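This report describes selected features of a predicted model. The sequence and structure come first, and the text follows.

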Amino acid sequence: MASPLTFDDFKPVSLTSEVRFKNAYLLFDRTGQILDDLSESFSEINTVMATPQQSAFVCAEGTFNLELGACRFASGQPNRDAKTFARNSKIFFDIVAGQLQIELFKRIGCRYVLRSEFKTEKESKEALASMMLANLKPTKRFNSSESPTEVLFRWEDATIGATVRLKAETTEIKMNVPIELQAHAPKVDKKIVGLTLDADYYTVAPVEREQWDAEEWLQQKIRIIDKEVDDIVRGGAR
Amino acid sequence: MSDTGTGVPPGGLRESPRLPDETVTSVGNPFESTPLPARAITFEVQGALALAPVINIERLYEAVPGTSSQMVRALEVLKHVIELLGEAKKSDNPIEADTLIQSANLALPKLFSYRSIGDGFGIVINSLHYAFTNLRGMPLTEEQLNVIWRVLRELRERPVLSVEQAVQCAEELEERGLEVDPPDLGDLLDEFSIGDK
């Protein structure tokens, strides 16, 4: 049965690129330099968190996260033109790899989260069930729901891996504003009901720094994710 | 392997539950599961990664039908050039070998148009271009053919090579008697050195 949903029904929520590496202890000395270097390419960077082992910076383009064995760039306003995201990721990874003298990446990954909103959780569950992804007869299992509310696939070989997950869920956004500011900015309390589509494409085999052009790789992989996920959402009819 | 991360875990350093090998996200992980106690222990042999074979360049940048990636095109041209030079290496007929080498030489300007891949890439292609130009029609020696073939293979495996490594490649070419600087630059340098004397 063809799914009534199409890929176009899903709106981007976040797009993340990440590299992992052997613990780079130079991080203890060079976080500041990395932040300085980033400031030359990104305006108004703010430090969200700075500890010896982990730091996070935000700017208009997205969030930078830096850890002893990984770093990532996330954009909360991804559009389907991946070029800017890929370019920003490249700037960040080039700076980090240069400063921390990383020559080998254990894993590089690109994760794309999208959501199709529904009025009720029941509707989103029905939409997921209609996709018939799990190929199971709808019947009550584990004395719980009739159809799975979450479906997860993983494809992996010795080189490349990918996961695609779909989940009918309600996301709650709560932000408490300090009492003295509540007159100016009301607190945020919002619920988003929908079907979350979460695709993660990653390498299994190590990647040498001199092999990897983040801008090219990310643009290519985002296109692959788009294409494959579109096919899965349409019922895998390819 | 765990998922690709997506940023700052809510509430500081505490990690949100993740699937094995997921890319971490800044919005937290909507897919919660009961954590396994074994997740707290990481079995990693120090230095083991050094022995793991790195990814094949063709798997890293897979050609996607209907899309045009500069890297994929550059790798295809490099593959073609390497094959031509490989055939030239094997050929017993000097005229046939020279024809193959000339065909490879003709592809260099195309590779030069992909120099935005990186400064190192541009330096190697430039060096090869001038190495051929400075031969002024003279055939390559077997040693020179071997070094060019080897440098191109290295470039195909590591197209984003650093400037330092690209300079090393250029030095390898020079060690085999190939001149990698522009002819005019050589004349200019000679003039300056004469002027110094």
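## Cysteines and burial

A residue is called buried when its relative accessible area is under 20%, exposed when that value is over 50%, and partly exposed in between. Cys110(A) has a relative accessible area of 0%, so Cys110(A) is buried. In chain B, Cys169(B) has a relative accessibility of 7% and therefore also falls in the buried class.

A disulfide is a covalent bond that links the sulfur atoms of two cysteines. Searching the whole structure gives zero disulfides over all chains. Cys110(A) is accordingly in no disulfide, and the nearest cysteine sulfur, belonging to Cys71(A), is 14 Å away.

## Chain A overall

Chain A contains four helices and eleven strands. Its C-alpha trace spans about 55 × 55 × 35 Å along the principal axes. Chain A has 238 residues, of which 52% count as buried.

Contacts in chain A were also sorted by separation along the sequence. Taking those between residues at least 6 apart, 70% join residues at least 24 apart.

## The sheet of chain A

Nine strands of chain A make up an open sheet, in the order S2-S3-S4-S5-S1-S7-S10-S9-S8, and their pairing is antiparallel. The edges are formed by strand S2 (46-50) and S8 of chain A, each of which pairs on one side only. From one strand to the next, the twist averages 20°. Helix H1 (residues 27-41) of chain A packs on this sheet and touches S2, strand S3 (54-59) and strand S4 (62-67) of chain A. The direction of H1 makes about 160° with that of S4(A).

Strands in a sheet pair through backbone hydrogen bonds, in either a parallel or an antiparallel arrangement. Strand S1 (residues 11-20) and strand S5 (residues 70-75) of chain A are an antiparallel pair with six bridges. Within this pair, Leu15(A) stands opposite Ser75(A) of S5(A).

Which strands form a hairpin, and how many residues lie between them? The hairpin consists of S8(A) and S9(A), with three residues between the two strands. S8 (residues 150-156) and S9 (residues 160-175) of chain A run antiparallel and pair over seven bridges. On this side of S9(A), Val164(A) is the residue opposite Phe153(A).

S9(A) also pairs with strand S10 (residues 188-203) of chain A, again in the antiparallel sense, over 16 bridges. Here Thr170(A) has Val193(A) in S10(A) as its bridge partner.

## Packing of helices H2 and H4 of chain A

Two packed helices are described by the angle and the distance between their axes. For helix H2 (residues 83-99) and helix H4 (residues 214-233) of chain A, the angle is about 145° and the axes are 8 Å apart. The crossing of H2(A) past H4(A) is right-handed.

On the H2(A) side, the residues making the contact are Lys83(A), Phe85(A), Ala86(A), Arg87(A), Ser89(A), Lys90(A) and Phe93(A). H4(A) contributes Ala214(A), Glu215(A), Leu218(A), Gln219(A) and Ile222(A). Sorted by class, the contact of H2(A) with H4(A) comprises six nonpolar, two polar and four charged residues.

## Individual residues

In chain A, Glu44(A) has a phi of about 50° although it is not a glycine. Glu44(A) sits in the loop between H1 and S2 of chain A. Its relative accessibility is 71%, so Glu44(A) counts as exposed. In chain B, Arg136(B) is likewise not a glycine and has a positive phi of about 50°. Arg136(B) is placed in the loop between helix H6 (119-133) and helix H7 (142-157) of chain B. With a relative accessibility of 63%, Arg136(B) counts as exposed.

Is Glu123(A) buried, partly exposed or exposed? Glu123(A) has a relative accessible area of 34% and is therefore partly exposed. Glu123(A) belongs to helix H3 (residues 121-130) of chain A. Glu123(A) and Leu104(A) are 19 residues apart along the chain, and their C-alpha atoms are separated by 46 Å.

Terms used: Residues numbered from 1 in each chain as written. Chains lettered and ligands numbered in written order. Predicted model: local features only at pLDDT ≥ 70, side-chain atom pairs only at ≥ 80, totals over all residues. Heavy atoms only, no water. Axes fitted to C-alpha atoms, helices over the stretch in contact; angles between N-to-C directions. Left-handed = near helix turned anticlockwise from the far one by under 90°. Contact = heavy atoms within 4.5 Å. Nonpolar A, V, L, I, M, F, W, Y, C, P; charged D, E, K, R; others polar. Pairing = 2+ DSSP bridges. Disulfide = S-S within 2.5 Å. Buried < 20%, exposed > 50% of the residue type's maximum accessible area, 1.4 Å probe, protein only.
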